[in-house]
Amino acid sequence: MRFRDRAEAGRELAEQLRIRQDKGELPHPVVLALPRGGVAVAREIAEVLQAPLDVLVVRKIGAPFHEEFGVGALAGEDPPVFDEGTLYRLGLGEADLAPVVERERKELRRREERYRQGRPAPELRGRTAVVVDDGVATGNTARVAVRAVRNRSPERLVLAVPVCAPEAAEELRREVDEFVCLHEPRLFSAVGEWYEDFRQLTDADVLQVLRGD
């Protein structure tokens, strides 16, 4: 069930989306990748669907004692969205996370400026927004991403990922018009476990994809 790399995962996911496109279920698609890892998956999808590719910058909010442990997420200039159950279990309040939110907001703005380079975000009205990432563990980041897209009034909203934790998948299906996922392994701890090559991408990698190089 492991993918060789993100490109292979993207090609397999693209095939499932192409079938839907052929049935008329993805009218006027635009592919929105969550950088950085989602961009390598989304490139393959955009090529197969012959759809424009853009980025949707979302930042995870990590716990103060372990930044990789997500307790919420940010998109655009919207207020942060927290996993209230996780905060309660950890004994954290939103005030405890204020420094983390400020840091991630700055990084989000930096990435937006770097990746967009003055380009406006694509218009989504009347289109199918296909939101893509390289995998989902807790679902916090994906949830914030699709809600931000929903606020831009697409005709149809699809979330497409190669692999997702079953608990997150159940919740995310309620957030979108369609959830397309290749694998929902029962034993799931981290997205990287499902890739042979899960190297971290750089800003330069993202820009290269967006330029079509």
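Reader: How many bridges join strand E4 to E5?
Author: In this predicted model, strand E4 covers residues 66–75 and runs antiparallel to E5. Opposite Phe 82 in E5 stands Gly 72. The number of bridges joining E4 to E5 is two.

Reader: Which strands are the edge strands of the open sheet?
Author: The open sheet has three strands in the order E3-E4-E5, with antiparallel pairing. An edge strand here pairs on one side only, which applies to strand E3 (58–63) and strand E5 (81–82). The edge strands are E3 and E5.

Reader: At about what angle does helix H5 run to E4?
Author: Helix H4 (residues 98–116) lies across E3, E4 and E5 and runs at about 160° to E3. Helix H5 (residues 140–150) also lies across E3, E4 and E5. Its angle to E4 is about 10°.

Reader: Is Val 191 buried or exposed?
Author: Val 191 sits in the loop between strand E8 (178–183) and helix H7 (203–211). Beyond its neighbours within four places in sequence, its contacts include Asp 134, Val 163 and Phe 198. Its relative accessible area is 12%, and the cut-off for this class is under 20%, so Val 191 is buried.

Reader: Which residues make the nonpolar surface patch of about 290 Å²?
Author: One member, Leu 90, lies in helix H3 (residues 84–90). Leu 90 has 32% relative accessibility and therefore counts as partly exposed. The patch is made by Phe 65, Phe 69 and Leu 90.

Methods
Residues numbered from 1 in each chain as written. Predicted model: local features only at pLDDT ≥ 70, side-chain atom pairs only at ≥ 80, totals over all residues. Heavy atoms only, no water. Helix = DSSP H or I, 4+ residues; strand = E, 2+ residues; numbered from the N terminus. Buried < 20%, exposed > 50% of the residue type's maximum accessible area, 1.4 Å probe, protein only. Contact = heavy atoms within 4.5 Å. Patch = residues over 30% accessible without salt bridge, like charges linked within 9 Å, V, L, I, M, F, W, Y side chains within 5 Å. Areas by Shrake-Rupley, 256 points an atom, 1.4 Å probe, with all protein chains shown as cover. Salt bridge = Lys/Arg side-chain N within 4 Å of Asp/Glu carboxyl O. Pairing = 2+ DSSP bridges. Axes fitted to C-alpha atoms, helices over the stretch in contact; angles between N-to-C directions.
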